[in-house]
Amino acid sequence: MTWKVLFINPLRDYIDGLKASSPEGFDLVVMPAGTSTGELVAQAADADFIISGIDVPEEVFRAATRAKFIQYMSSGYGQLPLHVLNDLGIPVAQMKTHSISVAEHALTLILSLLRRIPASMQQLREGKWRQDLDESSYAELYGKTVGIIGLGNIGRWVGKIVHHGFGANVIYYDNAQIPLTVSELISARETTLQELMATADVVCVSLPLNADTDGLIGRAELELMKQSAVLVNVGRGEVINEQALAQMLREGRIAGAGLDVYAREPLDLDSELLGLDNVICTPHMAGVGWENVQRRLAAVWENIDTVLQGGIPRGVVTTAKRASLTDAMG
């Protein structure tokens, strides 16, 4: 028996890898970005599995009545019509492979801000040497308090790295219930959002976007931060009020920010954030890395195999599981 696997709006770095790693019995059909909705609907109608990039029209998922599983190639799944997929009974999984890459990127932003790497490089370009540095504006991570907002996989990795590697104290806030064994594993103390914002020397945001986190960190929360503190966001841009953040940075009311995500992406070239010398901006690439590509490729086929074996795929985000899978395989 041959299973049809439909890859919609594919990430180009994954096409060849998925083709090369495709197990026997699977027919990978690639539908590039720009394919008409009508063609996507037609292809989805008889697909057994779907690998989904972003910006897939809702009617395509509605047409996938034979699909047994959908692997979404991103960690954030706010764009997916989960109500439709739950009604269809299709299990959908987000990618859970990128935590190490994102945590390392968060650490890179933190250290670059504390050590003022971009500003120091600019001074060097201007012919200025060490005697022109304001030593009081540089800081170490050692012994600092790092506040993690969102103690999921990424937040836990950040906590482990900064505590065990840099001797930082870790506090955290999460709007979801975190098992005690998880927080104990990384020597983190739970606190309120307000206390975290007021006491942390480094605030690291790694929350997904949902109804509870949209706009969670507004002007009132930002105004609680120390003037010497820095903020890093590797979660979702909409979690933070960007206008309020820009004002705080412009007025020097916080020391700096490192941002990989934004309320609107791609980030507008005329964004005030790009013009501030105490801000480091990267283009939503924290999860990028050769190692993560390999983990994602493996995760796709592992999850498909798990579904075929009657199990629950890793990273599942829907509440329903197609009851007729065993019959369909029969």
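Tutor: Happy to! Where pLDDT is low, the predicted coordinates should not be read in detail.

Now for the sheet. It is open and built from five strands, which run in the order β2-β1-β3-β4-β5 with parallel pairing. At its edges you will find β2 (26–31) and β5 (92–93), each of which pairs on one side only. Strands of a sheet pair through backbone hydrogen bonds, either parallel or antiparallel. For an example, look at strand β3 (residues 49–52) beside strand β4 (residues 69–72): they pair in the parallel sense over four bridges. Within this pair, Ile51 stands opposite Gln71 of β4.

Next, find helix α1 (residues 12–21), which lies across β1 (3–8), β2 and β3. Its direction makes an angle of about 165° with β2. Helix α1 also has a helical partner, α12 (residues 290–308): the two axes come within 10 Å and cross at roughly 50°. That angle makes α1 oblique to α12, and the crossing is right-handed. On the α1 side, the residues that meet α12 are Asp13, Tyr14, Gly17, Leu18 and Ser21. Facing them from α12 are Val293, Arg296, Leu297, Val300 and Trp301. By class, this contact of α1 with α12 has six nonpolar, two polar and two charged residues.

Finally, let's look at another helix pair. Helix α5 (residues 99–114) packs with helix α7 (residues 153–166) at an angle of about 50°, their axes 8 Å apart. The two helices are therefore oblique to each other, and their crossing is right-handed. From α5, the contact uses Ser99, Ile100, Val102, Ala103, Ala106, Leu107 and Leu111. Helix α7 contributes Asn153, Ile154, Trp157, Val158, Ile161, Val162 and Phe166. Sorted by class, the contact of α5 with α7 holds 12 nonpolar and two polar residues, and no charged ones.

To trace this yourself, start from the strand order β2-β1-β3-β4-β5, then pick out α1 where it lies across β1, β2 and β3, and follow α1 to its crossing with α12.

How values were computed
Residues numbered from 1 in each chain as written. Predicted model: local features only at pLDDT ≥ 70, side-chain atom pairs only at ≥ 80, totals over all residues. Heavy atoms only, no water. Axes fitted to C-alpha atoms, helices over the stretch in contact; angles between N-to-C directions. Parallel < 35°, antiparallel > 145°, perpendicular 65-115°, else oblique. Left-handed = near helix turned anticlockwise from the far one by under 90°. Contact = heavy atoms within 4.5 Å. Nonpolar A, V, L, I, M, F, W, Y, C, P; charged D, E, K, R; others polar. Pairing = 2+ DSSP bridges.
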